[in-house]
Every structure is written in structure tokens, then in C-alpha cells.
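Student: I am new to this structure and would like a close look at a single part of it. Please take me through that part slowly.

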Amino acid sequence: MKISVNVNGCTRESDVEARTLLVNYLRDELGLTGTKIGCDTSQCGACTVHMDGKALKSCTCLAVQADGCDVTTIEGLAQNGDLHPMQQSFWDNHGLQCGFCTPGMIMATTALLTDNPNPDEDEIRHGLEGNLCRCTGYHNIVKAVAAVAQAGGD
Amino acid sequence: MAVVGKAVKRKEDPRLITGEARYLEDINLPGMTHIAILRSPHAHANIVSINTEAAAAVPGVVGVYTGQDFMDVNPLPCPWPAGGPDHPNNINTPRALEVEKVTHIGAGVAVVVAEDRATAQDAVELIDVEWDVLPAVTDAEEATFDGAPQLHENAPNNVCMEWDCGDQESADAALTSSDVVVRQRLRNQRLIPNPMETRGCIAQHEPVNGEYTIWMTSQAPHVHRLLFTAFIFEVPENKVRVISPQIGGGFGAKIFMYPEYVLTTALSKTVGRPVKWVETRSENYIATTHGRDHVTDVEVGANRDGSITALKVKTYANLGGILSTVAPGIPTTLYGRMLSGAYRFPNIYCHVTGVYTNTGMVDAYRGAGRPEATYVVERAVDLVASELGMDPVDVRRKNFVPGDAFPFEPSNNLLNGLSYDSGDYDKALDMALDMTGYEDFRAEQAAARAEGRYLGIGFSTYIEICGIAPSAWMFGEGWGAGLWESANVRMHITGDVVVTTGSQSHGQGHETSVAQLVADELGVSMDQVHVQHSDTLGTPFGYGTYGSRSTAVGGVAVWRSLQRIKEKAKAIAAHEFEAAVEDVEYVVNEEGVGSVQVKGSPDQSKVVGEFMGIATSAAGGWSLPGDMEPFLDETSYYDPPDCTYPFGTHICIVEVDAETGGVDIKRYIAVDDVGKVINPMIVDGQVHGGIAQGVAQALWEGAQYDENGQLVSGSLMDYAIPRADLLPSFELGRTETPTPNNPLGVKGAGETGTIAATPAVVNAVVDALSHLDVRHIDMPLTPSRVWETIKSHSNGGNS
Amino acid sequence: MWPAEFDYARPSSVAEALQLLADNEDAKLLAGGHSLLPAMKLRLNEAPLLIDISRIEGLGSISNNGSLTIGALCTHADIAASADVQASCNALATATGMVGDQQVRNWGTLGGNVAHADPASDPPTVLVAFNANINIEGASGSRSVAASDFFMDLFTVDLEPGEIITSIEIPAHAHDGSAYVKMPHPASRYAVVGICVVLQRDGGRCSGAHVAVGGATVRAMRSPGAEAALRGSALDDAALDAAAAALKEDIANDLIGDMSFPEAYRQEMAGVYLKRAVRAAGG
């Protein structure tokens, strides 16, 4: 099936099998391997991207469903070589260890702050419920998100 | 400016936060094929026949294979039989694909190689296996009973091995003469490691020279190469190159050799094209190793003053249906030898029976044996406190190894010749009590109880054994290789420093902490230091990253190479300045710039790590003394004299919902002493993550099998690894007691949280319900289990 | 993980979708896909054709003309954030705000959720409590089914193969407070037990109560016993105890459980959460 998806600001035309998941399309077809696959039951959130401005688990969406949509991946977050404040904050606050959940975490938390620019700790923790991290115990991820919120987001 | 001891931001992060890092699944090779493995749906069955015709006929399928096709490949080795080379172990290990029989669900029996992953998955569903299904047993103790299903011919009553340590006679005698003896059965349930990245392997074979290149999710690439070459394929070591790309967490599960790695590698030769296997999360639950799974009967004796007289432990350790790489070593050496905890128990005995059951393979999971031991010890101490009506803090202090007793050798030769290096257990406990406000808490607890609210506090004054090494000692324990580490340090002509190490970083930040060490020691900037690891081509042999050993063993190898570099730099400078070597010193100034200079003669000085500095002199080789070889390039191999013994106090405060049994963690306080700290930010991060995993064992995680050996908790929908909103922010403190066992004074920090946290949480919940006369609840402390306990003790509460 | 192969169609109207359903036996509808796709990836479910109805106009809005009509394609996030829903059916805003996680709520739809009928999902319990109607279009016209009849059993609903859910209608129901409370499963976040209570007050007394339970039971269901116990009471502890006892009795034959949360525990918790729901609803 022919689809046209605007990925990170660039229109991509592709011919995909109907059963291709959006995450496989991004990774295998477009080579955007920053988006990760951590599970097969839509639990872990490592595959989180933004579609039409909203966070989405790209393992739970067909590529054909993204036809005509705007998709942003972790590769599209930094602008002109400047890290997104959330990327910078994860770095500054040691919000990552092995890094595997990190792209999904960053995509989910940027969306979280769009919906709620001034979350308290409970709201941040609740807002992370769609993303699993096995390394950090979430302590520094929460700190990283709070720091961005405190600085006035992006 | 010194950087050791500072919270330096990690050098590895830019590639990780931008999505540029390449993990295994991100790697694709030209002409690559993909595989899907047909796995046993039965926990215990004979394979009668396998029909692969329909699968082979699917367009896009390159080939379909069964175990018969790999009979020339050796079974996987088990290089750590428990108890030493002469100790009887009934070993059974997996093959690339099982041929006659399966002993756990998930065992591979056939494989499809296809042009793409979807086709492989389509075709594998068409393979038809005729099974002769056998009765299953999943509980380790039950598996030893007469009449239980028998898994392996060489293991009567499913016993893999018996092992013991300590002194049974003295323990029995002391129990008999103690004022009180407390007995308790403790279940340390099976856990599923769940690194966020599953396992995977890509193998490429070059027929012209017979060489394999294998990219794999490995915490120990050199060990994997050793196992591939010496044991499995029986080819020279230079014929296999193992590369660990960016690794998404391991927690032990990525140490081991697995059938899929062997299968993928063998297939790359068979099909003559690169082969890629990436584990799905569903497969991860049934094909990757699990951890823990002990049933333990503990007997602890004490006198009225709180002094513990004896600890006697009998454990059934579930090893799964077939042995993983070091399975027998975990519940023996790494468990039994740690049962003295932070205490002077005068009499100790531990007996372990390692048992086969129809469950997934069991091996090291973060902490590996030491969390199980700590759970036994810290629960036992609380049981004594409860029996004697004493404050658990007082019982701990009463039995602590005192600060002036180090080096301390536990009783009954428990540590088989090793001894605790250094410690000040009271200091860490005092700090944690201060941070907690213990007296205030007890008042708050009493007030809450009056309102029907159940608050509880739990302690874990743990120790651990880290920096797992001395090769000779480990050889005596049965480990069939060494456990030293290595490092090469080179200074390039530009003054940049390249460190190659046999360790493997999969989230621990070695590229940063090693660079900090190098920067301070040589007087170069962090940006000038490049740490390379994880490729057997280009790094010296090392045993890998686990057991909190990479800094305490690998870091010391780096340090040793740095000393040699400095000595050589001084010799070169002496030659250039026409001075005696003894008159030249290596100085790092306040700006962190390292130079060699003639003592008392500041103008006779030369920076080492800059272009045209000493490094350039060495690399240029224009003017070197005598027969000195050019280049600053030094390799060290370091085998420590003993392990290291971090310690600390973890305190957990919980509130138990009396109506639902739900447990809410109100506060978590951790004071850890991991010796000298190179990067406090990284150490804190390790502690955070470890606590989360330890808390999760206490409250949520647990593999569940049904009576047929089906894994009921086989997905993230059922198996609860913690989410952010289940945990509080942690309150950390630190004392710093260097180890005398290595020149850096470092002990190791990778597992403290996991080792310490679990009993702290359980002790807290039991404390919360102590007024109901609750003494123990088995993990995980699910709401239903806690609620049942409250219900069955509710009369006690009203009395 | 790849689903088995299927064809894909994206109709632009309900009529077109109905025709595709009529022409393709075993075809399945795809809206948000958040229940269907995970099952297809695990190959627990398959279909020769997926009919993607997500872009059909007119099924994605919320309107309030006395009764509240929620288009089947409204996402959980849309509903949770809707001022109309919060005003007239606050428990539904709460429940849709508890489904899955933010990513799932952004794309999962209410129509898909009710069609899937997971007994542990949150919205069905509220829909049953509020006497919602499920509006359905089929080849032979449209029909409307009361939620309490629509949810028949585990993953089983009153929906024929050729039919499409177009909207969910919540009739005007004057009430003085509603609440949905749940005990989430620590792994899946689905409800171990979920309770919705809708209260009418007359001074200090409860003049009417709707009570529905999910998670603990094979389907979302009302508890006539609990409602009767609350009605006319002062919502004091004794009334709540009686209501909890009646609720446990009402669901005794419809319980579900697992190794972590056995039936008996869920039954007890239904009583506990009923009391919490009443208090949360202002009782």
C-alpha cells in the first residue's frame, strides 16, 4: 500500500505491506532506529513517537494508519543541532543508564509537559505510567522532567 | 581540577538521548536473513517427530532446520559446577535446538530462516511437532520427592547437586543450648530480569577463512568468545570475533551462553548469509534466564540479650529444566558464603540442594545469590527481635561485626579463606536512623495505630560481596576459568588517551568513570580520554561486567596501566632533561594538567598529554633513552587478593491499607558504603535502580507457573515490573570506608540496592502488622496476600 | 512481532464500511487498534481484512442535547478532557482518564473499547451505571442496546458481525454526584475491581443510587442489592456495610480471578471499593 507520511518535517512516500507496524516502518523502511521495541503488548513505551502532536506507541499502530499524518521521532527532536530541553535535562540529571527506554521516555515526557506544563511529582510519576525503565528506578527521570517544567518547558 | 569524586555528566549520553546509539536490533547487514524459532509449548515432553514441509514451502523461506541438523555442534557448557572440580554435579545443558526431549516451555526445537522476519514468523507457525507430553513438576522441593516426574536420567530425584558450607555440628549444638530458637520457612520467589532490551544475535561467517563475526547482547563478550571457541565449535579463538553493540541493560541475564546464540552462529555457516535473531518480549519470558527461586528453612538461635548464637539454613534452589551457564554457582558460593551478613554469628551452617524442575533456566539476576542470602539473614534477625520483644535496631547492633574487627573472617570458615575487608556498620546505621528520625517514627506509628492505620518500618543492615574475583579462590569454588580483569592504556601522538578494557558497559557509565580516573591520574581532560570496550577484536581479554566488579577489578587494571605510563613518561622526561629518573616527578596541577618535571626546577617541565608533549616524544620515538620502546602503551592484568565488602543500612517506611492489604511506600532511606566513589551521580543512579528492583521483588514481581509448567506470568501484562507511580523518590546517604584490598579503595556499587532493599520492605510490612502478631508473609506481598494475613490475624489485633 | 497478513481498507462513510463488512466474511473493524493490534501481533487474533473506520467523518464528536452522545471514534483522552462529560457524567471522565496510559488514551477509542469488552476495562462499568445505550448501525438499519444488555460475557457483546457501533449515548440522569474508583492491576493497569456509583440525594438521604461493578466480574454489571441498600439511607456506615454485603452477594456467581488476585479477594474488594466510591461521589 502506498502511504505518505511527514516524518520529522520531511514527506516520505513508501509502499508498505498492510501489516507493517508504524515502528517497523520507521525503523526498517526509513532507518530511524532511535525508536525502540521493548515489548509486544503495548506496555513498555520504548516505541513512543508523536503523531499529529500526540504521544503514540508506534508498535500499536499500522504504518497505513499514519498515512497523511505528521510523525515526530527522537531523531526529529533536536533542532539545528541543539538538544531539546528534555534531552538536555535527561543528560544533566542522569535520567538514563542503558538508554534503551530513553527515546520513548523523552517523547512521552515532552508530550506530558505539553498537556500539563507544571506537573507536581505525583503527576509526573503518573504521567510516566506508559513507559517502563528497568535501570533508574525513575528517580532521576522524574527529576529531569521536573527540571524542564520548572525552567518553563520548551 | 580533580574530577574523581565529582558528579561528571556521562560521556555516553549524547548518542543515547538523540537515538543515534546502535543497539543490536538497529544493525542490519547486506544479504541478511532472519530467523524465528519454534519453541516447546509443553514444560515436559518427548519430541516424537517434526514435520517442516509446509514451513519450507512458504515463499521467502531460506531453510527450516531441527536439532538433528546441529548434532556436530557441542551442547552448551556449564563451566561452574558447584563446589569445585571434584564435587559431584549432575550436569545437563541445552543444545542449539533440543533433539529428543524438552524440560521447560520455550525450549527451541526447530527454526525457520527467511528473507524477512515476518515471513519467518509466518512459516514457523506451520511446523508440526508430534509431542509425547509428560507430567511436569515446578516446585524444587516437590521435585525431589519420590514419585515426582524425572527430568534427566543422570539426576535421580531431579537433584543436580548437594552443597554445604559452615559447620553443621556446631550449629546444631548451639541451637540446642540457645535461649530461643526461631524457625521459619522463607520463599524467595522466582524473578524475571526483564532488561528493556531483549536478547539478540547477528552472525556472519566468512567461508574463505572460516571466521565468524558475532554481534550479540553480551555483558561478557570475551567469555562468550571463549565458550564459542573452546567448548561449542572447537575452533581457535581468532576465528570468532564477538561484538557487544550498545546494550540495553542486562541485570545478569546477558552474561550467559544461550542456545539461540549458538543456533544463529551455526546457521550463518549453514545458509552462507548473515543471520539475525532478535528475541521478542514474549520469548524473553520463557527463553531468557530467571533469578532467585529458593525455598529455605531457617533456624536461628539467640540468647535473651539479643546475641545470635547460630544460623542454620537449608535451601532448595530451583535451577530450572536445564542448566544455564553458571547456574550451580549462584545458590552455593554466592549465597551460602554470605550468610553471616554484617554479623558475628558464632555458628553457621548452610545446606543447598540444587534441583531440576520443569521451569525456565535460572541463573544470576542482579545480586545473584547475595540478595537471597541477605533476605534470609535480615529476616532472621527480625524474627529474633520479634521473638525476644527487642527493637530490631538493637538486635542488629548487638550482633554487628565491630569496627575494630576488620579484616573479619566469618565463623566456621564460611568464606573459605576470604575475609571482610573494612567496615563501620554502626556509622551507616546511625546516619540512616538520623535521616529517618527513628524515635519520631515510632511515636507516629503508635498514634496511627490508635486510628486504625498501619505504619511500619523495616531495616536491612546488609553487606555484600562485590568485585567478585580472586581467580584461585573462584577456581576452588568450581568456576572453571579466571576472574581477573585487564586494561590497555595508550597515549597517542596528539596526547589523547585510549583505554581499552575487557569490561562491558551496558548502562553503568564506564566510559565516564574510567575517563575520570584517567583524567585525574594522567592530568588530561575528560574529552581527551576515549574508553573502548565490548569488541573482542581490539580489547584485551576480560571476564565481563557483573558482580559489581568492573571498577573494583577492571578499574584497578586501568590504574595499574596508568602507573606504568607515568613511570615511562618520567623516564622519557629524565632523558630529555638529562636528569636522573629519581629526580623527575609526575605532577598534576590544580588545573588538572599533568606534566613531568625535574624536582625543584619548574622550568624543566613538559606537559604529558598535549601535542609535542611527552606523549608525542614517546610516540615519535625521536629521542628515547637507551633501549626504551617507543609509545606510551601499557597493558595490565589485575587479579585482586580478595573480594570487596560494601555495606550499609536501608530503611523503608510503609503504610498498609488495612481494608485492601495494599502497601504504600511512604519513604525509602538508603545509606550505602561502597568504598571510594569515583562518580557519585553514577553510584546514586545504580542505587536507585537497584532499590527499585529490590522493592519490586518484595511487593510485585514473581513468576507464576501452573501445575503443567505453563508460565502464567508470561508478559508485562501479568508480570509487574515497577512503574514510576508505584515508587517514591529515594533518600540517599553515604559513608565512605575505603577497601584496603585495592589501590583505588573502591568496593562496587552495582547491586547494593537489589541486595539490600527486599528485606527492608518485607520487614517494614511485617512491622506494620506486628501488633496483629504477624511474624512473616511470603513475597511478593501482594494486596491479596497481605489482606489474607490481616484477616487471619485480626483476633490477635483485637486482643 | 508481525501480525499475520491481511488486506486493508479505509472507507470514508459508515455505509461504505457496512458494505465492506457485508462483502468480507471475518473482516474486522479497526478504529484506534489498541485492543486489536496487540492481539494480532501475538497471533491470538487474525482477519483477512481490516476495515479502518478511524477516518469516517462524524463519529468523533461529543454532543450534549439533554442526553450526552459520544461518537464511537472519540478517544479516551478526548472524553476525559471534555467539559460536557465532566459536567454531566464525571465518572466517565474519570474512568476514561484511567484507561491504559497517556499514549493509549490518545488513540484508543470508546467504540473500540466497548466492542472489545474486556471485563477489566474501566469505561464499561460507568456506561452500565449510567444506563448508557450503545448505538449500532447494520445492514438492516440502526438499533440501540442498553449497556447492561450489550455486555454479555467475557469479551462477548451484543454486536452482529455486520454491525458497527456509531455512538454511545448517556441519557440525561439528574444526580448529585458520581464516581468511578478502581484497584489497578500493578502490571496491566486494568481494574482488579472497578466500581461506579451514581447518587441522587434528597436532603441528608440518598433518594436513588446506581451501582455498577467491573474488573471482578465477567462483565460490567449493576448491583440491584447494593442500590436498594443505599436508597433511602443516610449513606451512613451501616448502610454502606449493607450495600457492600449486597454487592458481594450479587456478584457471587460472576466472579473472575487469577493467581495474584483470586475471586474471593476481588469479591471482598468490590465491597471495599463500593464504600470508597460512595464517599468519592459525595455520599
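Which domains does the domain assignment of chain A give, and what lies between them?

Tutor: This is a predicted model, in which local features need pLDDT of at least 70 and side-chain atom pairs count only at pLDDT 80 or more, while totals for chains, interfaces and linings use all residues. Residues are numbered from 1 along each chain as its sequence is written, chains are lettered from A and ligands numbered from 1 in the order in which they are written, and side-chain values use heavy atoms, with hydrogens and water left out.

The assignment for chain A gives domain 1 (2-76) and domain 2 (85-150), bounds of a kind that come from an automatic or database domain assignment. Taken over C-alpha atoms, the centres of these two domains are separated by 21 Å. In contact, meaning heavy atoms within 4.5 Å, are 16 residues of domain 1 and 12 residues of domain 2. Together the two domains bury about 1100 Å², 66% of it on carbon and sulfur atoms, where buried area is the accessible area (1.4 Å probe) that two parts lose on being put together, summed over both. On the side of domain 1, A:Thr48, A:His50 and A:Ile74 lose the most area to domain 2, together 42% of what that side buries. Between the domains there are zero salt bridges, a salt bridge being a side-chain nitrogen of Lys or Arg within 4 Å of a carboxyl oxygen of Asp or Glu. The residues of domain 1 that touch domain 2 divide into six nonpolar, eight polar and two charged, where Ala, Val, Leu, Ile, Met, Phe, Trp, Tyr, Cys and Pro count as nonpolar, Asp, Glu, Lys and Arg as charged, and the others, Gly among them, as polar.
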